[in-house]
Amino acid sequence: TKQKKRHMGDTKHFCPVSLKENFVLYPGLQEHAAKYKEKIYYFSTSEYRDKFLKNPEEYVAHKEPLQAPPLRVCLLGIHGAGKSTCARQIADKLGIFHIQFEEYLQELILPKTKKKVGPSSDEDREDDNKIPEELEDLSQTMTKTETEKSKEEVKLTEEEEAIKANLMDNMELPPKVLDKIVPDWWKKEPFRSTGFILDGFPRTLDEARYLSERGLCPDVAVYIQVEEEDVLERLFPLRLKKWKDRRQEKKEYKKKLKELKAKNRV
């Protein structure tokens with residue numbers, strides 16, 4: 001075994017082409033191996049092996065060792081498991097970026113939706129506090145222009161519609177949408193040279209398969225497993241506070257409506 005390790009290339013069992021071109025430590029396969037200068041190199045695909053053999057000096061170490069990519073972590077778990085709390089602590093300790101996947105999706109469509117969307121939002125209560133049309137003219141808080149703007153329909157692009165459907169109904173994001181989001185964290189600065197902890201992705205088998213097909217390998221994938229009672233204790237106080245806040249908003253709305261009706265009678 002020791003003799004075999006001494007004869008392995010600079011990247012050991014990782015693909016040197018993936019490291020050079022994508023800055024990713026992608027495990028190579030024995031069936032895609034090749035020998036160069038009495039050293040054995042493993043490659044992730046036969047295409048990368050052929051590419052290496054055409055110009056091997058481009059992918060091997062010379063005076064200095066090859067630079068390894070920064071740490072990339074995928075943190076998984078059910079809603080309420082404490083992923084974001086753990087991710088923030090790990091990111092601060094290691095000096096890497098914290099990417100909260102669902103929050104990132106919200107930010108992409110927030111300029112048009114003007115508020116967060118999803119099961120936990122108040123989307124289904126959108127019209128609860130709407131001023132009746134017969135009282136709108138008496139309200140001094142809204143001008144005609146503001147009223148017209150509030151009635152305008154926001155047009156989302158096809159990609160934005162897919163993101164909204166994912167947040168609202170957990171519909172699968174198509175690869176063409178993921179292609180505009182995920183690869184940048186591996187390939188573009190400042191993430192490329194700093195590293196990150198990706199909180200809440202991949203969430204499905206198809207999303208995990210997507211990472212594999214694109215050659216986007218995390219160095220570590222951690223799944224946080226918790227008891228249902230712990231999740232309940234963590235989420236219930238927050239949900240209760242939101243419920244109380246909505247009750248207070250509804251009281252304030254009824255008070256405003258009463259004042260408008262009294263003004264109408266006058």
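**Close-up views: sheet and cores**

**View 1. Strand β3 against strand β6.** In β6, I224 is the bridge partner of G77. Strand β3 (residues 72-77) runs parallel to β6, and five bridges join them. Strands here are DSSP runs (E, at least two residues) and helices likewise (H or I, at least four residues), numbered from the N terminus. The model is predicted: local features need pLDDT of at least 70, side-chain atom pairs count only at pLDDT 80 or more, and totals for chains, interfaces and linings use all residues. Residues are numbered from 1 along each chain as its sequence is written, and side-chain values use heavy atoms, with hydrogens and water left out.

**View 2. The open sheet.** Four strands pair in parallel, in the order β4-β5-β3-β6. Pairing requires at least two DSSP bridges between two strands. β4 (97-100) and β6 (220-224) are the edge strands, each pairing on one side only. Strand-to-strand twist averages 20°. Axes are lines fitted to C-alpha atoms, for helices over the stretch in contact; angles run from 0 to 180 degrees between N-to-C directions.

**View 3. Helix α5 on the sheet.** α5 (residues 101-113) packs on the sheet and touches β4 and β5 (196-199). Its direction makes about 70° with that of β4. Contact means heavy atoms within 4.5 Å.

**View 4. The largest nonpolar core.** This core has 26 residues. F101, V182, W185 and W186 have the most contacts inside it. A nonpolar core joins buried Ala, Val, Leu, Ile, Met, Phe, Trp, Tyr and Cys residues through side-chain atoms within 4.5 Å. Buried means under 20% relative accessible area (1.4 Å probe, protein chains only). Leaving aside neighbours within four places in sequence, V182 is in contact with F101, F201, Y210, L211 and L216.

How values were computed
Buried means under 20% relative accessible area, exposed over 50%, partly exposed in between (1.4 Å probe, protein chains only).
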